[in-house]
Amino acid sequence: LSFVVGATELMKIAQTGGVTISTILEVKATATTNVDIAHFSNSNGVEKAIFKLNSLGAGQLVLRDAGNAEDVLITSHGDSYFNGGSVGIGTNAPNYKFAAYGSSSDSEIVASFGSANDSNEFTAIGLSGFIASNGATKAGIALKRTGTFGTGELHFLNNNTLDNSDMTLSDSKMFIDSSGNATFTGVVTAPEFSANVNNSAA
């Protein structure tokens, strides 16, 4: 079934139930894996926004840039990524790769990171000055769970091994326990507070 104005076909409904609107939007009634369900095209007929099923049958949204590179992929099963620019939450002009800003003038938690850790396991935020082939992270801040309700020790990790290994709790250079006591595992110069020092300067 076609809807035509003059010599231009504005909409078509196929025998399968799929709908095409002026070549800009195409919606398929049924789809198999690795096939798009619907897509939006530019005036040249190039698909720019695609809804599809991946090889597992999971839903995906693909967004392409001006050069048709797939810069954004959002999937319900598998890895999603944003390579089209910076991401902002609470701002429409992020100055960093990721920027999150709260909306309250009162105290608030703007972002939260957590895991359901077992005792003596940790959740960490990593930092790296090099993009390793395996994505290894060398330094960061970690919370080691030692008690109930996720309480524990705050560790400052720094892995100086020259390889692609991740930081672990064995790389802890300092930690603060739940009572506020600080423990250092390196050399402490002129401390102005009480601390336990595992290694002292020679």
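**Salt bridges and a nonpolar surface patch**

In this predicted model, Lys138 forms a salt bridge with Asp163. The closest N and O atoms of the two residues are 3.2 Å apart. Lys138 sits in the loop between strand 12 (122–127) and strand 13 (139–145). Asp163 belongs to the loop between strand 14 (152–158) and strand 15 (172–176). The pair therefore ties together parts that are 25 residues apart in sequence. Asp163 has a relative accessibility of 38% and so counts as partly exposed.

A search of the whole structure finds two salt bridges. Besides the pair of Lys138 and Asp163, a salt bridge joins the side chains of Arg64 and Glu70. Here the N to O distance is 3.5 Å. Arg64 is partly exposed, because its relative accessibility is 27%, a value that falls between the 20% limit for buried and the 50% limit for exposed. Glu70 is partly exposed as well, at 36% relative accessibility.

The surface also carries a nonpolar patch. Four residues make this patch: Ile141, Leu143, Leu154 and Phe156. Its area is about 300 Å². Strand 13 and strand 14 are the elements that give two or more residues to the nonpolar patch. Leu143 is one of the patch residues and lies in strand 13. At 38% relative accessibility, Leu143 counts as partly exposed.

Note on methods:
Residues numbered from 1 in each chain as written. Predicted model: local features only at pLDDT ≥ 70, side-chain atom pairs only at ≥ 80, totals over all residues. Heavy atoms only, no water. Buried < 20%, exposed > 50% of the residue type's maximum accessible area, 1.4 Å probe, protein only. Helix = DSSP H or I, 4+ residues; strand = E, 2+ residues; numbered from the N terminus. Patch = residues over 30% accessible without salt bridge, like charges linked within 9 Å, V, L, I, M, F, W, Y side chains within 5 Å. Areas by Shrake-Rupley, 256 points an atom, 1.4 Å probe, with all protein chains shown as cover.
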